[in-house]
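Subject: Structure handover

Hello,

Please find the structure below. My notes on it come after.

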Amino acid sequence: MASIKSDINLKLLSQLRGKCASIKRRLLAMHFKANSGHVGASLSCAEILTFVRFGWMGPDDDLVLSKGHAASALYSLLIEAGDLEPAMADSFYGEGTLLAAHPPPGKLPGIPFATGSLGHGLSLAAGMAMGDRLLGEKRRVFCVTSDGELNEGSIWEAALFIAHHRLNNVVWLVDRNGLQGFGRTEEVMGLEPLSEKLSAFGFEVDQANGHDFSALLSLRDRLNNATSGKPTVILCRTTKGLGLGKLEDTVDCHYLPLSQEQHAQALKDLADNEARTNA
Amino acid sequence: MRNQFVKAVGQLAASDERVVVLTGDLGFMALEPLRDQLGPRFINAGIAEQNMISVAAGMAERGLIPWVYSIAPFAFLRPYEQLRNDVALHNLPVKIVGNGGGFGYGIMGATHHALEDLACFRLLPAFKIAAPVFSSDVGEAVEWANEHPGPVYLRLNLEVQGPSPSPFRSWRRLAEGEKAVVVTVGTVAQGLLELLNAFPKSTFDVFTAGILPIDEIPDDIFARIDSCGSLIVLEEHLSAGGLAEHLSTLLLQRLRRPIRFLPLAASGYPSGRYGSQKWHREENRLAGAPLKESLERFLEKSHGE
């Protein structure tokens, strides 16, 4: 039995890696063409989004990207999933587009709410989950926040609310890349000890390498069988701008558009990773 | 008006399963019947208005109709971004109930007053604003708000005693007159109605605007303003973004001759002192002897020209 399960997981692992590489290539192309910022933020959560959508979410579940500035990752994900037309990638950031730098309202499939002002998403997810409970709907709402947005008090209001009401149908993932808009998180407004804070708020807190699908899948399996009764938060240790060489783990990669060299570097990095995993 | 509100929402909720109620930890000695009736559909979201509004938006996304109650300033000032981005931008059917619009909370002091709510909600074009005047208005306003497909702000206050001359709707006449047209919003009309007997009969032609924003002033009311040539606007709200400014923009596009215009709005706290709603209305010259004086002076001036 165990070996069948691990076979299934191996296959899924391979699929996730393949889809993620495709998602990253697409978002890199989108950024390069648009000469737009926020690529670092999208690269730190590409695996997280891929894992959630293709490795965890059921067909009725929802995803709220609270860190809306990673919109390109979301758009690329949704194109990969077939929710959005592939041609839309070319319109990203362009004049008259639907695909603005932050997810728009207007009911694009896979985008329940326009996000972009940090600190709203967790409460939105809580409301959807509370609504589902009242309506007897058995589904989940996944919410991906950045770590910087935990500066916002509204996040902690949401955390109190989710824990108090035992909204276990909310799955909260934090993209913990350690950077925010104008400095490192621990230099601006230190979040550590974050795990303890969230645990004190009544959450089951788990940590994982946010770029490691194997680790994420193992965590998922454990949580799917968990009966702690507490709502879940997963701190995903990530690298902002993963794949951008010298730009990795810098504030620069939050804002700066990709140069030709950086684009090439990132594509090479992707190709090298694929070669390494397939070896 | 709180009690009429509770009764009205209770009736709604009994027949409409989509209705849910959230409160920001307020409603002592008022919302208990709703809490008892609604069970899990009644949520005390605590003293966390930003979360409360986003939660309401999330619930509305699922097809529910959240009625969100608080003291007026708390209902919209702290969670204003959530109202803008999560509710209005998505045109969701979230109904915000602000108790004590204007100086409604009187002696509680400035932090509990809402002198800018009409302006703030007019700045969210997806929102409609309902301002009942009479106690019987509340049930009708609640029903109308629930039917309305988008978001609504309901401004509750100490009601005007006595029966309403007509059902709650966007425009109503409260008194007929010749010398000046008065347009007012909400329960501040009470002070004016009390003063009518101090003037010759048929002095003031009084209308109340029950639903804002106003897209067009109805032709017959515009005709009254135009032919009368004197307009007074009375509001328990700051002048900035208030009813007088709102009507001015509309009138300026249609009037072909100047009219005499008296905007009567709240200025705030001239003396820095506090009292009942009545006291604050009088200090702001929106009721009582100061209002009477303002009206007399305006009529005199108009007559003199």
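The notes cover backbone geometry, salt bridges and cavities.

This is a predicted model, in which local features need pLDDT of at least 70, side-chain atom pairs count only at pLDDT 80 or more, and totals for chains, interfaces and linings use all residues. Residues are numbered from 1 along each chain as its sequence is written, chains are lettered from A and ligands numbered from 1 in the order in which they are written, and side-chain values use heavy atoms, with hydrogens and water left out.

Backbone

Most peptide bonds are trans, and most residues other than glycine have a negative phi. The bond from A:Glu192 to A:Pro193 is cis, with omega near 0°. A:Pro193 sits in the loop between helix H6 (185-188) and helix H7 (194-200) of chain A; helices (H or I, at least four residues) and strands (E, at least two) are DSSP runs, numbered from the N terminus. In chain B, the bond from B:Leu212 to B:Pro213 is cis, with omega near -5°, and B:Pro213 is in the loop between strand E10 (211-212) and helix H9 (219-228).

A:His38 has a positive phi, near 80°, and is placed in the loop between helix H1 (2-34) and helix H2 (39-55) of chain A. At 17% relative accessibility A:His38 counts as buried (buried is under 20% relative accessible area, exposed over 50%, partly exposed in between, with a 1.4 Å probe and protein chains only). B:Asp25 also has a positive phi, of about 65°, but is partly exposed at 41%.

Salt bridges

The whole structure has 31 salt bridges over all chains, each a side-chain nitrogen of Lys or Arg within 4 Å of a carboxyl oxygen of Asp or Glu. A:Glu80 and A:Arg26 form one of them, at 3.0 Å, N to O. A:Glu80 lies in helix H3 (residues 71-80) and A:Arg26 in helix H1, so the pair ties together parts that are 54 residues apart in sequence.

A:Asp62 and B:Arg62 meet at 2.7 Å, N to O. This pair crosses between chains, from strand E1 (residues 62-65) of chain A to the loop between helix H3 (49-61) and strand E3 (65-71) of chain B. A:Asp62 is buried at 17%, and B:Arg62 is buried at 12%.

Within chain B, B:Glu296 and B:Lys292 form a salt bridge with the closest N and O atoms 3.0 Å apart. Both lie in helix H12 (residues 288-304), 4 residues apart, about one turn of the helix. Elsewhere, salt bridges that share partners join A:Asp62, A:Asp132, A:Arg139, B:Glu61 and B:Arg62 into one network.

Cavities

On a 1 Å grid over the protein atoms alone, a cavity is a set of points where a 1.4 Å probe fits but cannot get out, and lining residues have an atom within 4 Å of a point. Grid points are joined across faces, edges and corners, and a volume is the space filled by probe spheres set on the points. There are 3 cavities of 30 Å³ or more.

Strand E1 of chain A supplies the largest share of its lining, 3 residues.

Regards

Note on methods
1 Å grid on protein atoms, 1.4 Å probe; cavity = no way out; pocket = protein on both sides within 12 Å on 5 of 7 lines; lining within 4 Å.
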